[in-house]
Structures are given as C-alpha cells and as structure tokens.
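User: Hi! I'd like to talk through this structure with you. Could you walk me around it?

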Amino acid sequence: MDRRSSGRGQRDLTVKVKTARGRKSSSTRWLQRQLNDPYVKRAKEEGFRGRAAFKIIELDDRYRFLVPGARVVDLGCAPGGWCQVAAARVNAAGDAAGKPRGYVLGIDLQEVDPVRGADIHQLDFLSEGADAQIKAWLGGTADVVMSDMAAASSGHKQTDHLRIVALCEAAAQLSFDVLEPGGTFVAKVLQGGTEAGLQAELKRRFDGVANVKPPASRKDSAEKFVVARGFRG
C-alpha cells in the first residue's frame, strides 16, 4: 500500500500489524511487510502465484532469454510463478498464433499444482540419475535453465549463504549438461563472497555473466541473480 497526502497533513495508510499472543515478533514483521508489499498486491491482481514472478519478468525484460520457441527448465519451480511467466513468454501453450511454440519443464522436490503450458514433475534434481531423467523429459537440449531455489533457512547467515551457493553450483552443473550452445543460465545466489568459484566457472563457460538485483527483490534481502548468457558448450 502507499502513503497519500490529504490537505496540509499526510495520512499514513501503511498497514500495521500488532503482535498477537503466540506469534513471534519476526512473524509479525513478515506479515506486515507482506501486507504492504506492492508486488504481493500485483501478483494477486495479475494471477501470479507469488511476488517472485516479477523477478523473472524484470530479468527477462532486460536480457530477453524467454523468447517464443525457447525450451526452458525451471529448477525448484514451486509454487509455480516462474513457470507461469516462462510458459506465457515462450508460447508453451501455443496461444500466440504464428509464433514458434516453446516448452517449459518444471522440477521441484514437492508436488506443484499444474501450470497451463508447463510440464511439471516432482523430482530431487540432486538425486542419482536426475540429469538423465530431465534430459529424457526434455527430449533434447534446453535453451534456458533457471533456478529461484533457496535452502531452508537455518537462521545463521553464513550457513544459509553456503547452502544456497551449493544449490546454485549444482544447478549450474546441470545446465552445463543440458544447455544448447548459446543458451542461458539464471539463478539466485546470496551476496557473501564465497561464490567466487562459481562466478569463475560461469565466466569460463559463457560469453557473458551479469550479477543483478532486480527491483522486485526486496532491498533488505541479500539475494541477487546471476545471468549467464551465450553458453559455449
């Protein structure tokens, strides 16, 4: 919600949440932030499953990798917002007449409700044989591998950073196996300094690597996104 002025004074229209009995103050802060987050409101209005959909929208608006006809793998796709965006932009459902039809493969540890135009499977992509299964579902190579995955929070900042970098490294390794030359890898990482090895490997395998914090990413969050384009094969 916003702040609007009326007359000489300014009325504060920010929703404020009181700490209820049995609710931690951190939970109260999270709830208040959700209620006042314009991206949460937009997600509901536009039919997306979460505010994270706007992160991939903003990244794609800038780098243009979700083009009609593209084949996309979305790792850790729950709740499905990124799949929704990708399916629409690559024309996975064939809605845009005259444009090539793409394909979106969503993978997650948990069951995910169906997304129109996307093929979603429940799978641990770190498990033995997962790469082969993903390639079988693809029936070939992918143009884009993307990941908004984050490990469950431990409450310890450095531990959480190491865990998410490890997930990103695993996602990158899978992308090396399934990407078409010229393809794109997009993944969430956390700022913290230990991702230098990952960055070096991506720069070796891709023509260009950018580190971006899209506007939809909360300012108080340490997350950023790596966008690696021009896979060298």
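**Salt bridges and what surrounds them**

Analyst: Happy to! Lys188 and Glu223 form a salt bridge, with the closest N and O atoms 3.6 Å apart. Lys188 lies in strand β7 (residues 179-190) and Glu223 in strand β9, so this pair ties together parts that are 35 residues apart in sequence. Please keep in mind that this is a predicted model.

User: Thanks. Is Lys188 buried or exposed?

Analyst: Lys188 counts as buried, at 11% relative accessibility.

User: What does Ser217 touch?

Analyst: Leaving aside residues up to four places away in sequence, Ser217 touches Lys55 and Glu223. Ser217 is found in the loop between β8 (206-212) and β9 (223-231), and it is buried, with a relative accessible area of 4%.

User: How many salt bridges are there by the count?

Analyst: The count comes to 11 salt bridges. One of them joins Asp61 and Arg89, whose closest N and O atoms are 2.8 Å apart. Asp61 lies in helix α3 and Arg89 in helix α4, so the pair ties together parts that are 28 residues apart in sequence.

User: How accessible are Asp61 and Arg89?

Analyst: Asp61 counts as partly exposed at 38% relative accessibility, and Arg89 counts as partly exposed at 25%.

User: Let's stay with α4. How many of its residues are buried?

Analyst: Seven of the nine residues in helix α4 (residues 81-89) are buried, so the helix is mostly covered. The buried ones are Gly81, Trp82, Cys83, Gln84, Val85, Ala86 and Ala87.

User: What do those buried residues pack against?

Analyst: They pack against α3 (53-63), β3 (71-75), β4 (103-108), β5 (118-122), β6 (142-147) and β9.

User: And what follows α4?

Analyst: Asn91 follows α4, and its phi is positive, near 65°.

User: New topic, the sheet. What is the strand order?

Analyst: It is an open sheet of seven strands in the order β5-β4-β3-β6-β7-β9-β8, with mixed pairing. The edge strands are β5 and β8, each pairing on one side only. On average, neighbouring strands are turned by 15° against each other, direction ignored.

User: In which sense do β4 and β5 pair?

Analyst: β4 and β5 pair in the parallel sense, over five bridges. As an example, the bridge partner of Val104 in β5 is Ala118.

User: How does α4 sit on the sheet?

Analyst: α4 packs on the sheet and touches β3, β4, β5, β6 and β9, with its direction making about 170° with that of β4. Helix α7 packs on the sheet as well, touching β7, β8 and β9, and its direction makes about 140° with that of β8.

User: Which ring does the charged end of Arg205 sit over?

Analyst: The ring of Phe176, at 4.1 Å from its centre. Phe176 also forms one aromatic cluster with Phe206 and Phe231.

User: Good link to the aromatics! How many aromatic pairs does the count give?

Analyst: The count comes to five aromatic pairs. Among them, Phe48 and Phe54 form an edge-to-face pair, 5.5 Å centre to centre with 80° between the planes. Phe54 counts as buried at 2% relative accessibility.

User: And why is the Phe206 and Phe231 pair called tilted?

Analyst: Their planes are at 45°, so the pair is tilted, and the ring centres are 5.2 Å apart. The pair links distant parts of the chain, with Phe206 in strand β8 and Phe231 in strand β9, 25 residues apart. Phe206 and Phe231 are both buried.

How values were computed:
Residues numbered from 1 in each chain as written. Predicted model: local features only at pLDDT ≥ 70, side-chain atom pairs only at ≥ 80, totals over all residues. Heavy atoms only, no water. Helix = DSSP H or I, 4+ residues; strand = E, 2+ residues; numbered from the N terminus. Buried < 20%, exposed > 50% of the residue type's maximum accessible area, 1.4 Å probe, protein only. Contact = heavy atoms within 4.5 Å. Phe/Tyr/Trp six-rings, centres within 6.5 Å; stacked < 30°, edge-to-face > 60°. Lys NZ or Arg CZ within 6 Å of the ring centre and 35° of its normal. Salt bridge = Lys/Arg side-chain N within 4 Å of Asp/Glu carboxyl O. Pairing = 2+ DSSP bridges. Axes fitted to C-alpha atoms, helices over the stretch in contact; angles between N-to-C directions.
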